[in-house]
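Subject: Structure handover

Hello,

Here is the structure I said I would pass on. Please keep it open while you read the notes below it.

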Amino acid sequence: VSPVTGSTLTAIFTPDQVSGTSGCNAYSGGYTIDGTTLKIGPLASTMKACEDQAVNDQEQQFLAALQASTTFDQTGNILTLKAAGGENQVTLVPAP
């Protein structure tokens, strides 16, 4: 699913933390990697009320998808986070 028009989703990975925006709120939390095994979270988020219900729903789904990710694949500069069953949760591409 693409982001809601006019909203931005970001994920910035530093050596021990992921942070970004999930539509209208900022989030951050820890993550660990062991080979291709990934654990993200728990994530904390600001509590600003989103004006658009679609953006609010998007935020909840995006943060849940990040935290449900258990493995990842990287092809070039595209990172795909996957759930335990192997289905794609989130595909992250660099900002233009």
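Conventions. This is a predicted model, in which local features need pLDDT of at least 70 and side-chain atom pairs count only at pLDDT 80 or more, while totals for chains, interfaces and linings use all residues. Residues are numbered from 1 along each chain as its sequence is written, and side-chain values use heavy atoms, with hydrogens and water left out.

Confidence. The mean pLDDT (the predictor's confidence in each residue, from 0 to 100) is 90 for the chain, and 98% of the residues reach 70 or more.

Overall fold. The chain has eight strands and one helix; helices (H or I, at least four residues) and strands (E, at least two) are DSSP runs, numbered from the N terminus. Their order from the N terminus is β-β-β-β-β-α-β-β-β. The radius of gyration is 13 Å, close to the 12 Å that the globule rule gives for 96 residues, so the chain is as compact as a globular protein of that length. That radius is taken over C-alpha atoms, and the rule is 2.2 Å times the number of residues to the power 0.38. Along the principal axes, the C-alpha atoms fill a box of roughly 40 × 25 × 25 Å.

Surface and contacts. The accessible surface (Shrake-Rupley method, 1.4 Å probe; for residues, only the protein chains shown count as cover) is about 6000 Å², and 55% of it belongs to carbon and sulfur atoms. Of the 96 residues, 30% are buried; buried means under 20% relative accessible area, exposed over 50%, and partly exposed in between (1.4 Å probe, protein chains only). Taking contacts (heavy atoms within 4.5 Å) between residues at least 6 apart in sequence, 34% join residues at least 24 apart.

Disulfide. The structure holds one disulfide, defined as a pair of cysteine sulfur atoms within 2.5 Å. The partners are C24 and C50, with their sulfur atoms 2.2 Å apart. C24 lies in the loop between strand 3 (17-23) and strand 4 (26-34), and C50 in the loop between strand 5 and helix 1 (53-68), so the pair ties together parts that are 26 residues apart in sequence. The torsion about the S-S bond is about -80°, so the disulfide is left-handed. C50 counts as buried, at 18% relative accessibility.

Aromatic pairs. A search of the whole structure finds two. Rings of Phe, Tyr and Trp (its six-membered ring) pair if their centres lie within 6.5 Å; planes under 30 degrees apart count as stacked, over 60 as edge-to-face and the rest as tilted.

- F13 and Y31 are edge-to-face, at 5.1 Å centre to centre and 85° between the planes. This pair links F13 in strand 2 (residues 12-13) to Y31 in strand 4, 18 residues apart. F13 is partly exposed, at 28% relative accessible area, whereas Y31 is buried, at 15%.
- Y27 and F62 are also edge-to-face, at 6.0 Å centre to centre and 75° between the planes. Here Y27 in strand 4 is joined with F62 in helix 1, 35 residues apart. Both Y27 and F62 are buried.

Peptide bond. Most peptide bonds are trans. The bond between G41 and P42 is cis, with omega about 5°. P42 is found in strand 5 (residues 37-45).

Regards
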